[in-house]
Amino acid sequence: MLTELSIKNFAIIEQLTIPFNDGLTVLTGETGAGKSIIIDAIQLLTGSRGSVEFIRHGAKKATLEGLFISEDKKHLVYQLADQYGVELDAEGMIVLHRTISSNGKSICRINGSLVTLAILREFGQALIDIHTQHETQSLMDHERHLELLDLYKKDDLNEVILDYKKIYQKLNTIKQKYQHLKHNEQEIVQRLDLLHFQLDELKNAELKPNEDHELREERNKLANYEKIYHSVQEAYTALKGEQHGLDWLSLGLSAIESAATFEPELQDSMEQYSNHYYLLEDIAGQLREYLDNFAFDPDRLNTVESRLNEIERLLRKYGSSVDEIIEYAAQIEDEIDDLENREQSLQYLVEQLKELSADALAEASHLHDLRKQVANELMEALQGELADLYLEKATFKAEISVKEGQASDPVLNGTHVALGPRGIDQVKFLLSTNPGEPLKPLHKVASGGELSRIMLAMKTIFAKHQGVTSVIFDEVDTGVSGRVAQAIAEKIHAISNGSQVLCITHLPQVAAMADTHVLIEKQVINNATTTNIKTLTANQRVEEIGRMMTGTTLTETSTDHARELINHANAFKQT
């Protein structure tokens with residue numbers, strides 16, 4: 001859930017920190033007070049496109065920050081954190097941060113780590129679902145209906161969808177390989193000439209694994225021959241040369257051995273001294289042996305330099321390391337084999353395509369049957385939700401059809417079907433608002449008020465399946481009143497039982513249903529307009545809802561009605 005939102009120098013907001021609770025939080029206020037600006041801020045914070053126009057007049061930058069908490073370790077946000085290397089603490093705290101500068105640059109952070117706008121958007125969409133009047137229209141887009149249908153019963157469909165996708169990806173890989181081999185003869189001959197030249201060049205080089213690293217180490221040793229020799233000579237001289245380091249240590253050893261014969265407490269010290277002395281004596285012998293065998297071959301340095309130059313030339317052409325080049329050479333051999341045995345390779349690929357197409361079609365057909373069952377369940381569930389919103393005479397249908405393919409596509413029930421990333425299905429949500437009227441696409445039959453109710457019915461069903469921690473409604477109750485407004489209020493509160501809900505509204509019925517009521521006010525101080533917020537007390541809620549009913553003037557009747565609405569809402573919540 002979203003627990004706190006911080007806004008600075010954004011539109012008419014100078015500085016604002018808004019704490020949020022779980023359940024249903026309602027935001028009300030006069031038109032122009034800044035309610036929708038807060039939603040704009042959340043949209044930008046969760047990855048929407050920004051503009052310097054959002055920066056408050058006179059400021060250099062706008063800053064937005066939101067604190068979310070998700071304790072569900074299975075939530076998508078944890079997968080995204082692993083994928084992008086974002087650290088989450090044990091409490092599941094996620095801080096989204098965005099700064100928009102006057103020069104047009106946008107800086108995005110998640111838990112302090114710099115991220116791209118695309119990554120910020122992925123996290124934002126996983127955490128919060130924003131529905132405005134515009135979003136209500138986009139929900140009617142039939143391109144999204146297949147996604148929504150799969151989401152409705154994702155636990156039943158996910159395994160089959162994943163199995164299909166694995167086959168589909170293999171099928172696409174084989175198709176690409178087949179098309180590559182089917183290039184015209186001239187291109188194949190040219191490709192073979194190039195591959196043979198490259199392979200000959202790499203074979204003649206006779207590269208060995210890790211050779212470049214080994215040669216660089218040897219070159220470093222040869223290039224620093226004098227420094228190495230003099231340093232080892234100096235170390236040996238310190239032990240066995242004129243300074244007689246070991247001789248002095250030998251005298252010390254004799255002295256402590258003599259003392260230890262009279263003082264038992266010195267026995268451990270004497271033994272440690274003795275061990276270190278003989279260890280140093282061994283080291284002196286090793287250094288002497290190293291110096292005796294150390295020889296410099298200037299011709300070898302030239303050979304190493306020449307070999308490294310050759311390897312560097314090959315690295316510029318074929319890879320970043322010798323191991324990569326060796327791997328590339330193996331790939332060349334495989335491709336040459338495929339091209340030289342093109343007909344056999346093509347025939348093999350054709351057989352693979354047939355086999356994978358059949359497997360993909362079988363899996364897609366199984367998915368199609370499952371989706372039809374899910375569509376029936378969705379229709380039944382949504383029909384009930386629509387009835388609760390006084391659209392009981394409306395008829396909803398999730399129509400599933402198979403995408404027709406071309407002659408080269410597989411055949412199902414005598415028809416060529418197109419295999420796509422999600423199967424062979426296309427889904428359209430259809431509606432008839434009155435008995436006897438034909439089913440039509442949603443956007444063609446629904447008025448503004450009906451669209452709001454249809455969207456809310458869908459949201460009621462899909463909210464618990466989407467996994468977002470917060471849902472925002474921005475005046476989606478426009479165009480309704482009376483008993484429909486009350487039904488919408490009850491639906492919005494029902495959604496808040498499974499997700500945190502933030503709702504901007506002008507309906508007193510929705511405001512009365514709030515668990516937390518926040519008032520947005522616009523003030524002018526020193527000729528500057530700014531937005532303030534306050535969480536209303538019980539008495540302040542009654543007054544605000546009363547004003548929502550009558551306008552600016554608060555009457556005794558509106559106050560009584562407001563109190564009655566709140567009591568009715570509280571009674572509904574208890575049921």
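Residues are numbered from 1 along each chain as its sequence is written, and side-chain values use heavy atoms, with hydrogens and water left out. Because the model is predicted, local features need pLDDT of at least 70 and side-chain atom pairs count only at pLDDT 80 or more, while totals for chains, interfaces and linings use all residues.

**Rings**

Searching the whole structure gives five aromatic pairs. One of them joins Tyr164 and Tyr168: the ring centres are 5.8 Å apart and the planes meet at 20 degrees, so this pair is stacked (centres within 6.5 Å; planes under 30 degrees apart are stacked, over 60 edge-to-face, the rest tilted). Both residues belong to helix α6 (residues 154–181), four residues apart, about one turn of the helix. Tyr164 is buried at 1% relative accessibility, and Tyr168 is buried at 14% (buried is under 20% relative accessible area, exposed over 50%, partly exposed in between, with a 1.4 Å probe and protein chains only).

Two charges sit over rings (NZ of Lys or CZ of Arg within 6 Å of the ring centre and within 35 degrees of the ring normal):

| Charged residue | Ring | Distance to ring centre |
|---|---|---|
| Lys153 | Tyr152 | 5.4 Å |
| Arg288 | Tyr236 | 5.0 Å |

**Sheet**

An open sheet has three strands in the order β9-β12-β13, with antiparallel pairing (strands are DSSP E runs of at least two residues, helices H or I runs of at least four; pairing takes at least two DSSP bridges). Its edge strands are β9 (395–402) and β13 (440–441). Eight bridges link β9 to β12 (residues 425–432), and Ser401 stands opposite Gln426 in β12.

Terms used: Phe/Tyr/Trp six-rings, centres within 6.5 Å; stacked < 30°, edge-to-face > 60°.
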